[in-house]
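Here is a short report on one protein chain. Look over the sequence and the 3D view before reading on.

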Amino acid sequence: HVRQLYALVSETLRYAPVLEKLLDGAALLQAEKKLAPQLAKVLVYDLLFGKGLKCGGRWKALARRHRARLEAELARMKVRHKVSRNEDLLAPEKAESAAASQVPRYVRVNTLKTCVDDVIDFFKRQGYAYLGKAASVEELKALSGKTFLLDLHLPELLVFPSQTDFHDNLLYISGHIILQDKASCLPAFLLGPVAGSHVIDACAAPGNKTSHLAAILKNKGQIFAFDVDPKRVATMNTLLTRAGVTGCRLAQQDFLTVDPRDPKYSRVTHILLDPSCSGSGMVTRGPGEEAPSAERLQALAGFQRRALSHALSFPALQRLVYSTCSLHQEENEDVVWAVLQEWGSAFRLVTAFPSWPCRGLAAFSGAESCLRASPAETLTHGFFVAVLERCKEGAAAPSSLPAAAKDNPEPGEGTESGAAPKKRKKKKQRMK
């Protein structure tokens with residue numbers, strides 16, 4: 001019931017400008033002096049846009065009494081705006097669209113085949129002007145023509161103007177570069193397994209994050225990558241082969257059916273979980289795609305909770321990253337909080353990327369440890385990331401992310417995202 005109420009309120013807020021015009025046009029608040037404006041919006045939304053009034057008593061009678069007038073005003077609004085569907089009355093999100101069009105072209109250097117310096121030199125020879133390492137998001141926004149920057153957060157990410165196309169570029173065809181949005185690079189980067197680790201990529205296809213994990217591991221260790229769709233597994237196999245990934249076992253299997261007690265997973269210390277989601281954060285979604293219904297969000301969130309809880313049941317697990325390309329709290333903070341509650345004190349939420357500007361929604365105490373990304377604020381697709389670590393008895397302060405996220409050097413300075421966990425491990429050994 002709480003989730004249904006939350007969905008109703010969320011949709012009411014989404015339709016708020018339309019509802020305000022309806023209330024004014026139908027003079028509902030003038031006719032019903034004791035009716036609070038916010039309650040009126042909820043009643044009118046449920047009456048005209050939702051699944052019908054679920055309330056009873058005098059509120060239901062009041063809404064029905066004004067139904068004809070409200071429906072007539074809704075019809076007039078559609079005529080004025082020359083639309084036939086209720087959704088078309090929603091104002092186009094011009095600011096978000098403008099921000100989405102400014103999302104740059106991000107190019108991840110595949111360090112399994114090359115290095116950042118060599119790729120920079122290659123693009124210079126192709127006539128691109130290298131402007132150095134970005135100091136702010138505003139610098140990324142100002143890119144134009146044949147110019148590019150090194151990203152201010154991720155050490156192996158180059159940034160080009162948004163319309164730059166590399167699909168026919170030799171480096172892309174040969175797998176030396178990966179065309180991957182910056183937000184999509186965060187999960188593997190924040191997981192930060194050291195070379196030699198055993199890692200699970202639970203919902204792996206199409207494989208960009210898997211190849212990123214392999215690069216962080218330097219092809220040393222073992223990756224177990226799962227996906228239930230045979231076509232997506234085939235696509236992933238092609239991508240990983242082109243990227244030069246070795247030491248990765250692909251399996252066409254539902255991650256929920258994987259046995260955590262199987263001996264071959266006994267050394268899995270890191271898991272990346274990027275489950276199926278609504279995809280509401282993707283700026284490339286078609287204009288005709290509708291927002292997911294409350295029922296759809298509940299179904300997705302249920303699967304995501306099961307997947308996250310299942311991932312935490314692997315006995316040797318030390319660190320896990322949960323991510324989605326969704327904007328909905330139901331798929332993000334709510335999922336993390338529910339599973340943390342289920343596991344009690346066994347796992348804790350890590351403060352991921354402290355310098356990242358967008359934090360998790362204040363859905364529970366500590367949710368600011370999570371991070372979010374958006375076209376408007378971070379010039380990326382919409383994304384959510386949470387980092388969880390197993391708690392140890394006597395553990396001191398919560399740990400943070402790999403050191404590379406705090407201090408990214410220029411190309412050639414030699415700091416790698418896997419370096420910090422090694423130091424952290426040595427420190428723990430000294431403490432023991």
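## The annotated site

UniProt positions are given in the numbering used here, and annotations may be inferred rather than shown by experiment. The model itself is predicted. The UniProt record, an unreviewed entry, places the feature "active site" at Cys325.

Where does cysteine 325 sit? Its place is the loop between strand S10 (319-324) and helix H15 (333-343). Buried means under 20% relative accessible area. Cysteine 325 has 16%, so it is buried. Leaving out residues up to four places away in sequence, cysteine 325 touches Cys277, Gly279, Ser280, Gly281, Met282, Gly382 and Phe383.

The largest nonpolar core has 48 residues. Leu140, Leu186, Leu190, Phe353 and Leu371 have the most contacts inside it. Several elements give two or more residues to this core, including helix H9 (137-141), helix H11 (182-191) and strand S13 (383-390). H11 supplies the largest share, seven residues. Domain 2 (98-179) and domain 3 (183-390) both contribute residues, so this core lies between them.

A second, separate core has 32 residues. Among them are Val268, Phe347, Cys370 and Ala386.

Strands of a sheet pair through backbone hydrogen bonds, either parallel or antiparallel. Here, five strands form an open sheet with mixed pairing, in the order S2-S3-S4-S1-S5. Strand S2 (129-133) and strand S5 (177-179) are the edges, and each pairs on one side only. On average, neighbouring strands are turned by 30° against each other, direction ignored.

Strand S1 (residues 105-109) runs antiparallel to S4, and four bridges join the two. Arginine 108 stands opposite leucine 157 in S4. H12 packs on the sheet and touches S1 and S5. The direction of H12 makes about 40° with that of S1.

Terms used: Residues are numbered from 1 along each chain as its sequence is written. This is a predicted model: local features need pLDDT of at least 70, side-chain atom pairs count only at pLDDT 80 or more; totals for chains, interfaces and linings use all residues. Side-chain values use heavy atoms; hydrogens and water are left out. A nonpolar core is a set of buried Ala, Val, Leu, Ile, Met, Phe, Trp, Tyr and Cys residues joined through side-chain atoms within 4.5 Å. Buried means under 20% relative accessible area, exposed over 50%, partly exposed in between (1.4 Å probe, protein chains only). Domain bounds come from an automatic or database domain assignment. Contact means heavy atoms within 4.5 Å. Two strands pair if DSSP finds at least two bridges between them. Axes are lines fitted to C-alpha atoms, for helices over the stretch in contact, and angles run from 0 to 180 degrees between N-to-C directions.
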